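Hello,

Here is the structure I promised to pass on to you. Please have a look at it first, and my notes on what turned up follow below.

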Amino acid sequence: MMSDAACTEADEDVLQYPASPPVVHYAEQALLGALLLVPERLKTIGPLEPEHFANTAHSALFAAMRTVSPPTPEVHLARPVWPNQLLDAAHAQARALTASYLHTLISVCPTDAHAPAYAQMVRSGHARRVLRRHAGLLAQAARAPGPDPARTVLTRADQLAVYLDELTTAFPSHPGSMPRTPPTPAPTAEASVEAEDEERILLATATAHPDGLPRMRWLHEGDFTVPAHAALYACLTALARRGAPVDPITLLWEAQQCGLLREGFQPAEVLDLLAHPAGAPEYWGQKVLQRALLAQAGAVAARIEALTADDATSVHQLATGSRRALSVLSSVRARWHQAVGDTSSGTRAVPPPTLQASLPRQPAARIGPAMRHPARPAR
């Protein structure tokens with residue numbers, strides 16, 4: 001391997017890595033050194049593209065190798081025609097490349113016969129980086145949703161799934177294909193003021209219009225950000241399933257029977273929470289479910305990023321673990337499509353309520369440690 005003393009100042013610019021480069025950097029060097037030694041090895045390394053290299057100078061040099069015709073073996077052994085041609089061709093994209101660094105690449109290559117193995121290492125490093133970029137795009141879509149956040153997140157998830165299919169084909173399975181990276185914590189949607197307000201209005205509206213509850217089987221109590229809201233919704237759906245009367249008093253009684261009032265909730269506080277319905281329960285239910293969808297997508301992205309950060313995980317293990325992580329999103333995704341009446345990645349949400357859609361931001365009294373009154377809507 002190349003020692004620090006072997007690098008000139010220009011060569012250090014070419015490396016573009018910290019003091020301890022990743023292993024794939026040495027694989028790139030060994031591969032390029034093998035091709036500089038024996039240009040005919042280009043025919044043996046399999047499908048490889050310049051963008052597969054992490055180092056931009058290495059990428060430019062390999063691109064030159066793909067475009068410059070190598071000399072005959074006799075000429076190559078007699079004169080450095082091939083390296084000089086490559087330097088001229090790659091100079092525009094990598095000005096730091098020098099003849100000294102090309103000699104360094106040759107010196108660090110253990111044997112040119114192993115070029116196919118080095119190329120596979122380069123492909124593996126590229127696959128890891130691309131998978132991490134896909135996970136980053138999914139995480140970004142979950143954190144910073146646009147005008148149609150569910151569509152954006154599901155589109156990113158589809159793109160990730162397509163790339164995983166490509167990895168499965170390109171990198172065959174092997175013994176011990178399951179990843180060893182510990183799982184990330186289960187996702188929870190962020191309990192923001194907006195989320196709490198939407199959940200409270202959902203509870204009040206569903207209590208006032210319980211006929212919509214049978215159509216909302218796509219909403220689960222686990223989708224709520226506030227545990228107390230989830231528990232009240234479970235009580236509400238239990239009443240509806242039994243065909244029992246549903247109104248604020250019956251829900252309060254059900255909450256008492258389930259032991260919720262022992263948690264410090266006062267009956268008057270629960271009744272006040274249920275006193276201000278607005279619009280249709282399906283609308284608010286979709287808002288709650290969409291937030292759960294985004295939280296699950298963020299958790300999938302975090303899991304895949306954790307896998308890619310473990311250098312001991314092979315590409316097939318990355319693909320297997322990423323598929324398992326992505327499959328967790330399928331359940332929430334299926335329920336989302338049921339909620340919006342769509343079987344594709346598009347959305348067709350229930351129209352917003354006729355009352356002001358923007359939710360109040362002023363402080364409100366809490367019910368116990370985790371529940372608040374909604375402010376009364378404007379009349």
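Let me start with helix H3 (residues 56-67) and helix H5 (residues 81-90), whose axes come within 9 Å and cross at roughly 115°. The axes here are lines fitted to C-alpha atoms, for helices over the stretch in contact, and the angles run from 0 to 180 degrees between N-to-C directions. Helices (H or I, at least four residues) and strands (E, at least two) are DSSP runs, numbered from the N terminus. H3 and H5 make a right-handed crossing; a crossing is right-handed if the near helix is turned clockwise from the far one by less than a right angle, and left-handed if anticlockwise. On the H3 side the contact is made by Ala60, Leu61, Ala64 and Met65, and on the H5 side by Trp82, Leu86, Ala89 and Ala90, where contact means heavy atoms within 4.5 Å. By class, the residues of the contact of H3 with H5 are eight nonpolar, no polar and no charged. For these classes, Ala, Val, Leu, Ile, Met, Phe, Trp, Tyr, Cys and Pro count as nonpolar, Asp, Glu, Lys and Arg as charged, and the others, Gly among them, as polar.

A word on the origin of all this: it is a predicted model, in which local features need pLDDT of at least 70 and side-chain atom pairs count only at pLDDT 80 or more, while totals for chains, interfaces and linings use all residues. Residues are numbered from 1 along each chain as its sequence is written, and side-chain values use heavy atoms, with hydrogens and water left out.

Now for the chain as a whole. It has 14 helices and two strands. Of its 379 residues, 47% are buried, meaning under 20% relative accessible area, with exposed being over 50% and partly exposed in between (1.4 Å probe, protein chains only). If you take the contacts between residues at least 6 apart in sequence, 75% of them join residues at least 24 apart.

H8 passes H13 in a left-handed crossing. Pro149, Ala150, Val153, Leu154 and Leu160 of H8 meet Gln290, Leu293, Leu294, Ala297 and Ile304 of H13. That contact of H8 with H13 divides into nine nonpolar residues, one polar and no charged.

Within H8, valine 153 is buried at a relative accessible area of 0%. Leaving aside residues up to four places away in sequence, valine 153 touches Leu138, Ala141, Ala142, Leu294 and Ala297. Its C-alpha atom is 8.9 Å from that of leucine 137, 16 residues away along the chain.

The other packing joins H13 to helix H7 (residues 115-143), with axes that come within 8 Å and cross at roughly 155°. H7 and H13 are therefore roughly antiparallel, and their crossing is left-handed. The residues of the contact of H7 with H13 comprise 11 nonpolar, three polar and three charged.

Alanine 139 lies in H7 and is buried, with a relative accessible area of 5%. Not counting residues up to four places away in sequence, alanine 139 touches Ala301 and Glu305. Alanine 139 and alanine 297 are 158 residues apart along the chain, yet their C-alpha atoms are separated by 6.9 Å.

Tyrosine 101 is worth a look too: it sits in helix H6 (residues 99-108) and is buried, at 0% relative accessible area. Between tyrosine 101 and glutamine 29 there are 10.0 Å in space, C-alpha to C-alpha, and 72 residues in sequence.

Finally, how many disulfides does the count come to? With a disulfide taken as a pair of cysteine sulfur atoms within 2.5 Å, the count is zero. The sulfur of cysteine 235 has its closest cysteine sulfur in cysteine 258, at 3.7 Å, which is too far for a bond. Cysteine 235 is buried at 3% relative accessibility, and cysteine 109 is buried at 8%.

Best wishes

How values were computed:
Angles under 35 degrees count as roughly parallel, over 145 as roughly antiparallel, 65 to 115 as roughly perpendicular and the rest as oblique.
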